[in-house]
Amino acid sequence: MLDAEGLTRAVLAGDRDAAAALAAAALAAGADPAEILNAGLLPGMDAVGQRFARKELYLGEVLLAARAMQAGIAVLKPALAQAGHDAGPKPVVVIGTVKGDLHDIGKNLVTMMLEAGGLEVVDLGTNVSTDRFLDAIREHNAAVLGLSALLTTTMRQMRQTIEELRRVGAMDGVKTVVGGAPVTQEFADTIGADAWAPDAPAAVATIKRLVGAA
Ligand code: B12
């Protein structure tokens, strides 16, 4: 059975063991992994964000909540990724959270869902410099570059990264997609990104459209 409220509470309480156990129990009972994520784990992180904004939580509590969320996601990962196993070469998406920014929960979700959607993803992690993006694009012959930013300050880094990669000629034939809570379509347009997506399912649809795989 899917105990969505229990999962939400586990994230809010920063209880890693409960988040993992409830996610595993829901999977074992046949619940849809996307439903476990969307109805159980994500509302917990939303509530954490709202309470942090109202100064009802300390940063340490947010970190614990993030760890609980990641423990739940780790349990779901194999089930979420199961769909992505067809044969043949897959377009490569290089993704990372831009320099100065350590938030990675949303980017990890996007990565997971892209893999589940049959794309190959090279995830560079967080605090990724333009040089590291450049090396990875070249090494893996990327079709798409995905940039994530959660801070209004690091959104600016997205522009710098895109401009620098274009300046050195690394972006010919490479599409850029940007995302993260403060990032909007309007911002994506102003920094010359090819696309923006508000969440992980939309990121999959958008990237598949860009690489002609939809
Ligand atoms: C968890 C969290 C943390 C954790 C991060 C843990 C981790 N491993 O990620 C910790 C505690 C470390 C942290 C630290 C900080 N944080 Co913080 N954090 C959050 C919080 C509560 C949740 C973020 C989250 O994970 N959301 C859940 C995920 C699933 O959503 P998401 O990231 O938006 O991702 C979805 C979409 O945006 C999209 N997406 C994401 N990336 C991409 C990429 C592409 C290519 C595409 C297409 C789509 C896409 O798809 C995702 C899935 O659906 C937010 C509040 C909030 N509501 O956003 C604050 C928040 C982002 N943090 C904030 C701040 C201020 C900080 C700190 C500066 C605090 C401090 N004083 O030190 C530090 C900065 C550290 C750093 N240098 O990065 C502020 C930012 C304010 C601002 N205007 O910039 C926020 C908004 C909180 C607030 N209300 O004040 N934080």
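In this predicted model, the shell around the ligand comprises 22 nonpolar, 10 polar and 4 charged residues. Of the 36 residues around the ligand, those that come nearest are L102, H103, D104, S148 and T152. The space that the ligand takes up is the largest pocket.

| Residue | Backbone atom | Ligand atom | Distance |
|---|---|---|---|
| L102 | N or O | oxygen | 2.6 Å |
| T152 | polar | oxygen | 2.8 Å |
| A181 | polar | oxygen | 3.3 Å |

The shell draws on both domains, with at least three residues from domain 1 (4-81) and at least three from domain 2 (92-210). Among the secondary-structure elements, the helices α3 (33-53), α4 (59-81), α5 (105-116) and α9 (200-210) each supply at least two residues of this shell, as do the strands β3 (144-148) and β4 (175-179).

The chain as a whole contains 9 helices and 5 strands. Read from the N terminus, the order of its elements is α-α-α-α-β-α-β-α-β-α-β-α-β-α. Along the principal axes, the C-alpha atoms fill a box of roughly 50 × 45 × 25 Å. The radius of gyration of the chain is 17 Å, which agrees with the value near 17 Å that a compact globule of 214 residues would have.

Key
Residues are numbered from 1 along each chain as its sequence is written. This is a predicted model: local features need pLDDT of at least 70, side-chain atom pairs count only at pLDDT 80 or more; totals for chains, interfaces and linings use all residues. Side-chain values use heavy atoms; hydrogens and water are left out. A residue is near a molecule or strand if one of its heavy atoms lies within 4 Å of it. A polar contact is a pair of N or O atoms within 3.5 Å; within protein, one must be able to donate a hydrogen and the other to accept it, and residues adjacent in sequence count only if both atoms are side-chain atoms. On a 1 Å grid over the protein atoms alone, a cavity is a set of points where a 1.4 Å probe fits but cannot get out, and a pocket is an open set with protein on both sides within 12 Å along at least five of seven lines; lining residues have an atom within 4 Å of a point. A molecule sits in a cavity or pocket if more than half of its atoms lie within 2 Å of its grid points. Helices (H or I, at least four residues) and strands (E, at least two) are DSSP runs, numbered from the N terminus. Ala, Val, Leu, Ile, Met, Phe, Trp, Tyr, Cys and Pro count as nonpolar, Asp, Glu, Lys and Arg as charged, and the others, Gly among them, as polar. Domain bounds come from an automatic or database domain assignment. The radius of gyration is taken over C-alpha atoms; the globule rule is 2.2 Å times the number of residues to the power 0.38.
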